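Have the viewer ready as you read.

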Amino acid sequence: MTDKTMTPEDVVSRLRSGMTLGIGGWGSRRKPMALVRALLRSDITDLTVISYGGPDVGLLAAAGRIRTLVAAFATLDSIPLEPHFRAARQRGAFELREIDEAMFMWGLHAAANRLPFLPVRSGLGSDVMRVNPGLKTVTSPYEDGETFVAVPALRMDAALVHLNRADRLGNGQYLGPDPYFDDLFCEAADSAYVSCERLVDDFATAAPQTLLVSRHAVTGVVEAPNGAHFTSCVPDYGRDEPFQKLYATTPWAEFAERFLSGDEKAYWSAVESWHEEQQ
Amino acid sequence: MSATPTTTTRAEYCVIACAEAWRDDGEVLAGPMGLIPSIGARLARCTFSPDLLLTDGEAMIVGADGSAEGWLPYRRHLTMVTGGRRHVMMGASQLDRFGNQNISCIGAWEQPDRQLLGVRGAPVNTLNNPVSYWVPKHSKRVFVEKVDMICGVGYDSAAAAGPSATRYHRIPRVVSDLGVFDFETADRAMRLAGVHPGVTVEEVLEATGFPLALPDKVPFTREPTDTELRLIRTVLDPEGRREREVPAA
């Protein structure tokens with residue numbers, strides 16, 4: 001069996017500028033932040049990012065790496081508005097393809113099922129149709145004859161997700177209350193990279209329904225303890241609220257200089273010393 | 001907190017007005033967004049709408065006491081929306097006379113003056129399950145003639161989009177800190193359905209950026225029962241957080 005373990009740098013070495021990149025999690029929850037930070041250390045840019053957006057979007061937008069964002073929102077949850085996403089939008093820094101949460105989900109389903117689109121009762125009558133002039137409708141071939149929006153598949157070159165546990169083969173387990181859409185992200189992508197809190201040898205004692213991601217849909221596995229920081233990865237840890245507040249209130253250049261100018265180890269030493277200063 | 005008020009406060013009338021949105025809804029998920037709608041939904045569940053389903057705001061369906069009775073991760077929540085077994089009360093950064101709602105951005109969408117949340121689930125919500133709105137600070141900035149970005153679909157927009165849009169579309173009510181509004185008019189324009197005690201009709205009209213339809217007589221929001229008041233003050237919101245969302249007028 002193939003050992004798929006790799007480092008965040010290995011993952012990034014397989015990504016290229018101009019790619020379409022899916023990022024799992026939801027808002028400021030279980031985001032693959034260690035992988036996003038590794039991406040920020042590279043010179044990869046011009047990305048199309050597909051995300052139920054949180055600080056992953058804020059970080060990549062602030063660093064100027066996004067050409068197109070496909071999203072229904074960007075939020076930090078306990079802080080409703082993502083400040084760097086906002087700032088980037090207000091200066092017209094990237095193109096937004098704004099669709100709603102349901103259209104997003106069915107776009108993932110379509111991609112995972114190798115369908116060009118799926119019909120949804122959503123979008124009609126809203127300005128989602130105005131700001132996405134490429135969106136088309138379909139008419140039901142059955143007696144009802146209803147008209148629906150045909151949500152195009154959200155196919156991606158690569159997906160990044162973060163889970164609580166994984167094995168070396170690429171099977172991934174979530175231990176929190178919500179799977180989000182991480183399995184669909186992996187299945188909708190040509191290659192998928194799973195970071196995890198801890199690598200395990202097997203899932204012999206696992207509740208079967210917690211085994212969210214299956215190895216056939218995974219290209220690489222990264223052991224990244226605290227790899228969702230500062231977003232939540234329950235039950236392993238909650239959101240680092242003080243640090244998130246710092247992220248949201250510090251000018252980007254200052255935040256990037258202090259926390260993102262070195263490697264992951266440097267990030268952690270900067271985070272720890274900041275927390276010590278707060279004592 | 002100051003001493004417990006002896007008379008019903010504005011925030012408490014707002015709780016009652018929000019709770020009433022879920023009366024007679026049956027076994028559906030109440031989806032309150034914001035503090036006062038959350039207290040209202042739980043009040044309805046504890047009193048006149050005992051079949052309502054509530055969430056913990058995360059992935060669980062919970063009973064009135066907060067104990068879990070079901071699982072509702074986002075993917076299943078979206079099925080609850082499109083299956084229609086849900087009545088949500090959303091917020092609104094802008095709301096117009098036909099019930100179009102905006103939470104996405106202010107100004108031109110292409111490069112907004114102020115980027116807000118994004119459309120979130122508003123387009124799918126409004127086409128599939130009843131959607132009410134809660135506005136804690138009624139003003140002309142919120143109640144506008146025309147929203148900058150239609151996220152939640154109003155009656156005119158749904159009608160223009162055709163039968164697939166109107167089939168399950170319904171906006172039962174809008175609650176603000178001043179009163180209650182509905183769309184029970186011939187052209188489905190917003191109507192002032194009631195004011196909270198202490199508020200005048202003129203005050204509401206003055207704070208609204210479009211002409212409101214008016215009934216012959218504008219009723220007041222009803223008084224809470226003794227049981228309801230006790231539940232609000234001692235069980236559902238003992239810290240009085242509601243008074244910070246809607247301060248005494």
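Which residue of chain B forms a salt bridge with A:Arg29? The partner is B:Glu58, and the closest N and O atoms of the pair are 2.8 Å apart. Bear in mind that this is a predicted model.

On the side of chain A that touches chain B, at least two residues each come from helix H4 (83-90), strand E4 (95-98), helix H5 (101-112), helix H6 (128-131) and helix H7 (182-187). H4(A) gives the most, with 4 residues. By class, this side of chain A has 20 nonpolar, 8 polar and 14 charged residues.

Here is the extent of the contact, chain by chain:

| Chain | Residues in the contact |
|---|---|
| Chain A | 42 residues |
| Chain B | 38 residues |

Together, chain A and chain B bury about 3500 Å² between them, and carbon and sulfur atoms give 53% of that area.

Now for a pair of helices within chain A. Helix H8 (residues 241-249) and helix H10 (residues 264-278) of chain A pack at an angle of about 105°, and their axes are 11 Å apart. H8(A) and H10(A) are therefore roughly perpendicular to each other. From H8(A), the contact uses A:Pro242, A:Phe243 and A:Leu246, while H10(A) brings A:Tyr267, A:Val271, A:Trp274 and A:His275. The contact of H8(A) with H10(A) has 6 nonpolar residues, 1 polar residue and no charged residues.

Note on methods: Residues numbered from 1 in each chain as written. Chains lettered and ligands numbered in written order. Predicted model: local features only at pLDDT ≥ 70, side-chain atom pairs only at ≥ 80, totals over all residues. Heavy atoms only, no water. Contact = heavy atoms within 4.5 Å. Buried area = accessible area lost by both parts, 1.4 Å probe. Salt bridge = Lys/Arg side-chain N within 4 Å of Asp/Glu carboxyl O. Nonpolar A, V, L, I, M, F, W, Y, C, P; charged D, E, K, R; others polar. Axes fitted to C-alpha atoms, helices over the stretch in contact; angles between N-to-C directions. Parallel < 35°, antiparallel > 145°, perpendicular 65-115°, else oblique.
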